[in-house]
Amino acid sequence: MVSTTAHSANFKNYILVTLAYWGFTLTDGALRMLVLLYFNQIGYTPIQIAFLFLFYEVFGVVTNFLGGWIGSQFGLKVTLYSGIGLQIFSLVMLSFLNPNWAQWIAVGYVMVAQAFSGIAKDLTKMSSKSAIRLVVPQDAQSSLFKWVAVLTGSKNALKGVGFFIGSALLAAVGFINSLWIMAGGLSLIMFSGLMLPKGMGKIKKKIKFSQLFSKSEEINILSAARFFLFGSRDVWFVVGLPVFLRGTLGWSFYQVGGFLACWVIGYGVIQFLAPTLIQRFGSGRPPQSKTIQFWTFTLTVVPAAIALALQIGIPANIAIVGGLLVFGVVFAFNSAVHSYLVLAFTDDDKVALNVGFYYMANSGGRLAGTVLSGLVYQFFGLVGCLWTSMFFVLAAALITLKLPDPQPSKAIAWKAGDGD
């Protein structure tokens, strides 16, 4: 009876954490599309719009670094719902934006609001993924890969849905009303936090500042690989690709937004299915070091192939759309295996610290990719962005060669029938 009760409580906590993350993710995707569409509408260039998100990425790095420490000291419940609260604040703050302000004032105001949103995103992500490690019962750890992938894959799919919601809200009720509607929805989610246990993920001893840096060689290797992996995506996906589709190929902004939304949804679906496919066509065991090495080296080929296709004169629509679909599939497998390994290499009492450190590297890669995407595109075009992406992936692949297999005491056993 106790075991059944404990399992029921864990399942309830998993549902609460997942719903909170889903609600946040919808608004995160919608807010990005709202800002992109609105500032494009009032005359900002794509490069200027990209820099509106600079603080979003910068503060993501800081948040992941300190967020793990905050979560370990005060509990993941505090960090999860603090993240949602900050997102509400960011939405309300943006609703007071005045289009008649001088451009430098408006840009600065939006960058500050986006900084709060960036903090909110990474507090919520770190808390949710850490909490999954704690709410999956110890006698059911074989399904951790499955539950991590459900959370992560559904998040990416919902972010794509958020793109559509943002576009639809902007068209139906305008910029300011859209922000207030999303803030109201997130406020309702805040109340669900009352049902989560206090102190989840909290450790009893105090953590020194120096301990915020991971002492685990495996986590350090994974974090370095994660930096280059996500930098490889954003170096062409954030600025170069949208500007190319809109400026060179002549796509409308709605076509660009819709296509990217479909890509993110498809990416999430593949990530959700990744463990099932790996099990069916692989050994049936949990991912090992060779798993991530295979997928990262495979990904190296994709941006290089797209760049070569453009350089030899293959129609850009075919090269970009086809290449991006392949890139999304291979990248999703990489991301799913990464999300599993970081939890397989960590202990329960260090989960918030290690996941926070790991996603700090993730945010650092996104920041580097975002900045380089604008700079490289400005001087070398989309082909230059793609070759830069290839070198980033190659760096990630070479780093993973140093990664050991998870130890049996930490690794999550893989059972036939478990999915992603």
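This is a predicted model: local features need pLDDT of at least 70, side-chain atom pairs count only at pLDDT 80 or more; totals for chains, interfaces and linings use all residues.

Searching the whole structure turns up three salt bridges, and Arg233, Asp234 and Arg366 are linked in a network of them.

- Aspartate 234 pairs with arginine 233, and their closest N and O atoms are 2.8 Å apart.
- Aspartate 234 also meets the side chain of arginine 366 in a salt bridge, at 3.4 Å from N to O. This pair links distant parts of the chain, 132 residues apart: aspartate 234 sits in helix α8 (residues 217-237) and arginine 366 in helix α13 (residues 351-400).
- Aspartate 234 is buried, with a relative accessible area of 2%; arginine 233 is buried as well, at 12%. Arginine 366 is also buried.

**The aspartate 28 and lysine 159 bridge**
- Aspartate 28 forms a salt bridge with lysine 159, with 3.9 Å between the closest N and O atoms. Aspartate 28 belongs to helix α1 (residues 2-41) and lysine 159 to helix α6 (residues 144-173), so the bridge ties together parts 131 residues apart in sequence.
- Aspartate 28 is buried at 7% relative accessible area, and lysine 159 counts as buried at 14%.

**The nonpolar surface patch**
- Helix α3 (residues 54-74) contributes the most to the patch, with four residues.
- Valine 112 is found in helix α5 (residues 103-135) and counts as partly exposed, at 35% relative accessibility.

Key:
Residues are numbered from 1 along each chain as its sequence is written. Side-chain values use heavy atoms; hydrogens and water are left out. Helices (H or I, at least four residues) and strands (E, at least two) are DSSP runs, numbered from the N terminus. Buried means under 20% relative accessible area, exposed over 50%, partly exposed in between (1.4 Å probe, protein chains only). A salt bridge is a side-chain nitrogen of Lys or Arg within 4 Å of a carboxyl oxygen of Asp or Glu.
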